[in-house]
Amino acid sequence: MKTYVENMPNFILEFNNTMNRKLKLWELNRVSEELFKEQPKFPVIVILNDIRSLNNIGSFFRTSDAFNVEKIYLCGITAIPPHREIQKTALGATETVNWEHRSSIIELVNELKSQGVKVASIEQAEKTTFLQHIHELDYEKIALVFGNEVDGVDQDVIDASDYIIEIPQFGTKHSLNVSVCAGVILWEFVKRYV
Ligand SMILES: C[S@@+](CC[C@H](N)C(=O)[O-])C[C@H]1O[C@@H](n2cnc3c(N)ncnc32)[C@H](O)[C@@H]1O
(Lines give C-alpha, C1' and ligand atoms only; values in the text may rest on other atoms or scores of the structure.)
Protein backbone atom coordinates (compact mmCIF):
# COMPACT_ATOMS: atom_id res chain seq x y z
CA MET A 1 0.00 0.00 0.00
CA LYS A 2 1.26 3.48 -0.86
CA THR A 3 1.94 5.91 1.95
CA TYR A 4 0.22 9.26 2.27
CA VAL A 5 3.31 11.04 0.94
CA GLU A 6 3.89 8.64 -2.00
CA ASN A 7 0.35 9.30 -3.17
CA MET A 8 0.99 13.04 -3.50
CA PRO A 9 1.68 14.60 -6.90
CA ASN A 10 5.32 15.80 -7.27
CA PHE A 11 4.47 19.48 -7.49
CA ILE A 12 2.73 19.27 -4.08
CA LEU A 13 5.70 17.48 -2.54
CA GLU A 14 8.10 20.14 -3.89
CA PHE A 15 5.84 22.86 -2.54
CA ASN A 16 5.69 21.09 0.81
CA ASN A 17 9.47 20.64 0.97
CA THR A 18 9.91 24.35 0.43
CA MET A 19 7.28 25.32 2.96
CA ASN A 20 8.06 22.68 5.64
CA ARG A 21 4.39 21.78 5.90
CA LYS A 22 3.06 21.01 9.38
CA LEU A 23 1.88 17.42 9.76
CA LYS A 24 -1.78 16.52 10.11
CA LEU A 25 -2.80 14.48 13.15
CA TRP A 26 -3.11 11.27 11.11
CA GLU A 27 0.47 11.72 9.78
CA LEU A 28 2.00 11.62 13.30
CA ASN A 29 1.79 7.81 13.33
CA ARG A 30 0.94 7.50 17.01
CA VAL A 31 0.31 4.03 18.44
CA SER A 32 -3.28 3.05 19.17
CA GLU A 33 -4.51 2.92 22.79
CA GLU A 34 -4.43 -0.89 22.58
CA LEU A 35 -0.82 -1.00 21.32
CA PHE A 36 0.24 1.62 23.87
CA LYS A 37 -1.05 -0.50 26.72
CA GLU A 38 0.92 -3.50 25.43
CA GLN A 39 4.20 -1.77 24.60
CA PRO A 40 7.06 -2.03 27.14
CA LYS A 41 7.32 1.09 29.27
CA PHE A 42 10.40 3.06 30.24
CA PRO A 43 11.46 2.25 33.84
CA VAL A 44 10.20 5.58 35.14
CA ILE A 45 7.42 5.95 37.73
CA VAL A 46 5.64 9.22 38.60
CA ILE A 47 4.42 9.90 42.15
CA LEU A 48 2.12 12.83 42.85
CA ASN A 49 2.35 14.14 46.44
CA ASP A 50 -1.00 15.83 47.23
CA ILE A 51 -1.43 17.63 43.88
CA ARG A 52 -4.36 19.99 44.38
CA SER A 53 -5.08 21.22 40.84
CA LEU A 54 -7.16 18.90 38.69
CA ASN A 55 -5.70 20.53 35.57
CA ASN A 56 -2.19 19.75 36.80
CA ILE A 57 -3.18 16.12 37.40
CA GLY A 58 -4.53 15.89 33.85
CA SER A 59 -1.31 17.38 32.49
CA PHE A 60 0.70 14.72 34.33
CA PHE A 61 -1.35 12.05 32.56
CA ARG A 62 -0.85 13.59 29.11
CA THR A 63 2.89 14.03 29.62
CA SER A 64 3.26 10.53 31.09
CA ASP A 65 1.51 9.08 28.03
CA ALA A 66 3.85 11.02 25.71
CA PHE A 67 6.94 9.82 27.58
CA ASN A 68 5.76 6.21 27.98
CA VAL A 69 6.08 6.11 31.78
CA GLU A 70 5.39 2.88 33.64
CA LYS A 71 2.84 4.14 36.13
CA ILE A 72 1.47 7.18 37.97
CA TYR A 73 0.75 6.92 41.71
CA LEU A 74 -1.82 9.48 42.86
CA CYS A 75 -1.14 9.99 46.55
CA GLY A 76 -3.02 11.57 49.43
CA ILE A 77 -5.43 14.33 48.36
CA THR A 78 -4.51 13.96 44.67
CA ALA A 79 -7.85 13.45 42.89
CA ILE A 80 -8.44 10.38 40.74
CA PRO A 81 -10.07 9.91 37.33
CA PRO A 82 -12.71 10.03 36.03
CA HIS A 83 -13.18 13.76 36.55
CA ARG A 84 -14.23 16.40 34.02
CA GLU A 85 -11.47 18.84 35.07
CA ILE A 86 -8.77 16.15 34.87
CA GLN A 87 -10.05 15.10 31.46
CA LYS A 88 -9.73 18.68 30.12
CA THR A 89 -5.94 18.48 30.21
CA ALA A 90 -5.45 14.69 30.11
CA LEU A 91 -7.31 14.45 26.78
CA GLY A 92 -7.91 10.71 27.23
CA ALA A 93 -4.53 9.81 28.72
CA THR A 94 -6.24 8.61 31.92
CA GLU A 95 -7.36 5.64 29.80
CA THR A 96 -3.85 4.78 28.58
CA VAL A 97 -1.45 5.40 31.48
CA ASN A 98 -1.43 2.90 34.35
CA TRP A 99 -2.38 4.56 37.63
CA GLU A 100 -3.20 3.76 41.22
CA HIS A 101 -4.24 5.80 44.27
CA ARG A 102 -2.34 5.43 47.57
CA SER A 103 -3.38 7.20 50.75
CA SER A 104 0.12 7.09 52.29
CA ILE A 105 2.94 8.36 50.09
CA ILE A 106 5.65 7.45 52.61
CA GLU A 107 4.47 3.83 52.73
CA LEU A 108 4.58 3.75 48.93
CA VAL A 109 8.08 5.25 48.85
CA ASN A 110 9.36 2.65 51.33
CA GLU A 111 7.64 -0.15 49.41
CA LEU A 112 9.23 0.91 46.11
CA LYS A 113 12.63 1.26 47.75
CA SER A 114 12.35 -2.27 49.18
CA GLN A 115 11.80 -3.47 45.58
CA GLY A 116 15.05 -1.82 44.45
CA VAL A 117 13.44 1.23 42.85
CA LYS A 118 15.41 4.45 43.47
CA VAL A 119 13.30 7.38 44.59
CA ALA A 120 14.07 10.91 43.44
CA SER A 121 12.14 13.83 44.87
CA ILE A 122 11.85 16.74 42.48
CA GLU A 123 12.31 19.68 44.81
CA GLN A 124 14.37 22.64 45.87
CA ALA A 125 16.32 21.71 49.01
CA GLU A 126 19.61 22.42 50.76
CA LYS A 127 21.45 19.60 49.00
CA THR A 128 20.28 18.71 45.50
CA THR A 129 21.49 17.32 42.21
CA PHE A 130 20.88 19.87 39.48
CA LEU A 131 19.10 18.49 36.46
CA GLN A 132 22.12 18.87 34.17
CA HIS A 133 23.96 16.24 36.27
CA ILE A 134 21.37 13.45 36.39
CA HIS A 135 23.41 11.24 34.03
CA GLU A 136 25.64 10.66 37.09
CA LEU A 137 22.80 8.95 39.03
CA ASP A 138 22.92 5.17 39.46
CA TYR A 139 19.60 3.32 39.05
CA GLU A 140 17.75 0.63 37.09
CA LYS A 141 14.27 2.02 37.73
CA ILE A 142 13.42 5.42 39.15
CA ALA A 143 10.35 6.89 40.85
CA LEU A 144 10.01 10.67 40.57
CA VAL A 145 8.06 12.49 43.31
CA PHE A 146 6.41 15.82 42.45
CA GLY A 147 5.15 18.06 45.26
CA ASN A 148 2.06 19.96 46.24
CA GLU A 149 1.61 23.36 44.58
CA VAL A 150 2.04 25.23 47.90
CA ASP A 151 3.84 22.94 50.35
CA GLY A 152 6.06 21.01 47.94
CA VAL A 153 7.23 17.43 48.63
CA ASP A 154 6.64 16.22 52.23
CA GLN A 155 9.79 16.48 54.38
CA ASP A 156 9.63 12.78 55.37
CA VAL A 157 9.56 11.86 51.68
CA ILE A 158 12.57 14.14 51.04
CA ASP A 159 14.36 12.43 53.94
CA ALA A 160 13.58 8.96 52.53
CA SER A 161 14.60 9.85 48.96
CA ASP A 162 17.74 8.53 47.30
CA TYR A 163 18.10 11.72 45.27
CA ILE A 164 16.69 15.26 45.27
CA ILE A 165 16.61 16.79 41.79
CA GLU A 166 16.39 20.52 41.18
CA ILE A 167 15.77 22.40 37.95
CA PRO A 168 17.99 25.49 37.76
CA GLN A 169 16.07 28.75 37.34
CA PHE A 170 17.44 32.08 36.10
CA GLY A 171 14.51 34.45 36.60
CA THR A 172 12.69 36.13 39.46
CA LYS A 173 10.15 33.41 40.36
CA HIS A 174 10.88 30.94 43.15
CA SER A 175 9.57 27.84 41.40
CA LEU A 176 7.95 26.44 38.26
CA ASN A 177 4.37 25.27 37.89
CA VAL A 178 4.54 21.59 38.89
CA SER A 179 3.18 20.23 35.59
CA VAL A 180 5.63 22.37 33.59
CA CYS A 181 8.31 20.98 35.88
CA ALA A 182 7.10 17.46 34.97
CA GLY A 183 7.60 18.12 31.25
CA VAL A 184 11.17 19.29 31.78
CA ILE A 185 12.07 16.48 34.21
CA LEU A 186 10.44 13.58 32.40
CA TRP A 187 12.17 14.29 29.09
CA GLU A 188 15.54 14.40 30.85
CA PHE A 189 14.85 11.01 32.47
CA VAL A 190 13.46 9.23 29.38
CA LYS A 191 15.85 10.55 26.73
CA ARG A 192 18.44 7.90 27.65
CA TYR A 193 16.04 5.20 26.36
CA VAL A 194 15.42 6.90 22.98
C1 LIG B 1 5.20 25.35 43.14
S2 LIG B 1 6.30 24.14 43.69
C3 LIG B 1 6.13 24.15 45.47
C4 LIG B 1 6.74 25.33 46.08
C5 LIG B 1 8.00 25.14 46.92
N6 LIG B 1 8.76 23.96 46.58
C7 LIG B 1 7.74 25.16 48.40
O8 LIG B 1 7.82 24.12 49.05
O9 LIG B 1 7.46 26.25 48.89
C10 LIG B 1 5.46 22.64 43.37
C11 LIG B 1 6.36 21.52 42.98
O12 LIG B 1 6.91 21.80 41.70
C13 LIG B 1 8.20 21.21 41.59
N14 LIG B 1 9.16 22.27 41.26
C15 LIG B 1 8.85 23.52 40.85
N16 LIG B 1 9.96 24.20 40.53
C17 LIG B 1 11.02 23.37 40.73
C18 LIG B 1 12.42 23.47 40.55
N19 LIG B 1 12.99 24.58 40.12
N20 LIG B 1 13.19 22.39 40.83
C21 LIG B 1 12.64 21.24 41.27
N22 LIG B 1 11.31 21.08 41.46
C23 LIG B 1 10.50 22.13 41.19
C24 LIG B 1 8.46 20.51 42.91
O25 LIG B 1 8.08 19.15 42.79
C26 LIG B 1 7.54 21.25 43.87
O27 LIG B 1 7.23 20.49 44.98
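Guide: The shell of residues around the ligand splits into 7 nonpolar, 5 polar and 4 charged. Here Ala, Val, Leu, Ile, Met, Phe, Trp, Tyr, Cys and Pro count as nonpolar, Asp, Glu, Lys and Arg as charged, and the others, Gly among them, as polar. Of these 16 residues, the ones that come nearest are Gly147, Gly152, Ser175, Leu176 and Val178; a residue is near if its C-beta atom, placed from the backbone, lies within 6 Å of the ligand.

This is a predicted model, in which local features need pLDDT of at least 70, side-chain atom pairs count only at pLDDT 80 or more, and totals for chains, interfaces and linings use all residues. Residues are numbered from 1 along each chain as its sequence is written.

Now to helix 5, residues 105–114 (helices are DSSP runs of H or I, at least four residues, and strands are E runs of at least two, numbered from the N terminus). Ile105, Leu108 and Val109 are buried there, with 20 or more other C-beta atoms within 10 Å of their own; exposed means 12 or fewer, and partly exposed lies in between. The three cover an arc of only 100 degrees around the axis, so they sit on the same side of helix 5; the arc is that of the directions from the helix axis to the C-beta atoms. Turned away from that buried side are the exposed Glu107, Glu111 and Ser114. The cover over the buried residues includes strand 1, strand 2, strand 3, strand 4 and helix 6, where contact means C-beta atoms, placed from the backbone, within 7 Å. After helix 5 comes Gly116, with a positive phi near 90 degrees.

Key:
Contact = placed C-beta atoms within 7 Å.
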